[in-house]
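Subject: Structure handover and notes

Hello,

Please find the structure below. My notes on it follow.

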Amino acid sequence: MVNECVKICGLTAKQIIEQLAPLNGKGVNFDVRENCLDALITMTSETGDRQTFEIVKSQVYNLFSEQVYCSFDESLQNLAGKFLKMNGRTLAVAESLTGGEICSRLTEVPGISENFFEGIVCYNRASKINRLGVPKSLLGEYGAVSRETAYAMVQGLLKPPVDIGLATTGLAGPQGDEGKPVGLVYIAVGAGDYITVFEKRLSGTRNEIRKATANLALFYLVRYLRGDILLL
């Protein structure tokens, strides 16, 4: 029996299963376990036909090339910690709707204090202004839930020794705000002239949206540290 796995982030179990459908019947069985957009796909060949298995595995990686983050069962926070250490980077995090979820996950990693400087839960607009220096005029023009605010939140984190920032802002519900819908979130990551902001439209309960945002934020952090995001 041949058995391997791949970790991906950004798709629901239903979306993953639909994309895998064309590969059914090729001698490889798939098991999909997904939790708030963080998923483990296990591939199993009961016949042990390695050549066929490798072909199908390659097709799986091609299908999910934008979502793959690991070829073994490793958590996003552990990978983030490893890449921060490998790159000698110092991270700070600003969280609005995620309310400390990202920082809590990062501090599960032993030795993360070498590369994780601080986390700020800037839930209120005044906190974004006072703690991160987000211009009041920017909040007035674009709102707290915006691409521009997420970008400015990361900029506010980038003071020595911090050389990479990660920020989240959005609406987890149960009601929208600023004329914007529940599930609209922005995730910003980077430093200097290389700060990238991602806009996502998420669904689910309040806590599911918050957890999905945290998963995506850690995923984008890993991709940034690997240099993938600069290629997008």
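The buried residues of helix H5 (125-132) pack against strand S5 (91-95), strand S6 (116-121), helix H6 (136-142), helix H7 (147-157) and strand S7 (164-170). Contact here means heavy atoms within 4.5 Å. Helices (DSSP H or I, at least four residues) and strands (E, at least two) are DSSP runs numbered from the N terminus.

Before the rest, the conventions. This is a predicted model, in which local features need pLDDT of at least 70 and side-chain atom pairs count only at pLDDT 80 or more, while totals for chains, interfaces and linings use all residues. Residues are numbered from 1 along each chain as its sequence is written, and side-chain values use heavy atoms, with hydrogens and water left out.

Helix H5

The buried residues of H5 are Ser127, Lys128 and Leu132; buried means under 20% relative accessible area, exposed over 50%, and partly exposed in between (1.4 Å probe, protein chains only). They lie on the same side of H5, because they cover an arc of only 100° around the axis, the arc being that of the directions from the helix axis to the C-beta atoms. At the N-terminal end, Asn124 caps H5, with a side-chain oxygen 2.7 Å from the backbone nitrogen of Ala126. Just after H5, Gly133 has a positive phi of about 75°.

The sheet

Five strands make an open sheet with mixed pairing, in the order S6-S5-S7-S8-S9. S6 and strand S9 (194-201) are at the edges with a single partner strand each, so one side of each has no neighbour in the sheet. From one strand to the next the twist averages 10°. Helix H8 (206-226) packs on the sheet and touches S5, S7, S8 and S9; its direction makes about 25° with that of S8. For such angles, axes are lines fitted to C-alpha atoms, for helices over the stretch in contact, and angles run from 0 to 180 degrees between N-to-C directions.

Two strands count as paired if DSSP finds at least two bridges between them. S5 and S7 run parallel and are joined by five bridges. Ala94 stands opposite Ala167 in S7, and Glu95 opposite Thr168. S7 and strand S8 (184-191) run antiparallel, with six bridges; here Gly165 stands opposite Gly190.

How much of S7 is covered? Seven of its seven residues are buried. Ile164, Leu166, Thr168 and Gly170 are on one side, and Gly165, Ala167 and Thr169 on the other. In a regular strand the side chains alternate between the two faces of the sheet.

Lys57

Lys57 is in helix H2 (50-63) and counts as buried because its relative accessibility is 17%. Its side chain makes a polar contact with that of Glu54 at 3.4 Å. A polar contact is a pair of N or O atoms within 3.5 Å; within protein, one must be able to donate a hydrogen and the other to accept it, and residues adjacent in sequence count only if both atoms are side-chain atoms. Leaving out residues up to four places away in sequence, Lys57 touches Glu4, Met43 and Arg50.

Cysteines

With a disulfide taken as a pair of cysteine sulfur atoms within 2.5 Å, the count is zero. The sulfur of Cys36 is 10 Å from the closest cysteine sulfur, in Cys9, which is too far for a bond. Cys70 is in no disulfide either, the nearest cysteine sulfur being that of Cys5, 7.4 Å away. Cys36 is buried at 15% relative accessibility, and Cys70 is buried at 5%.

Regards
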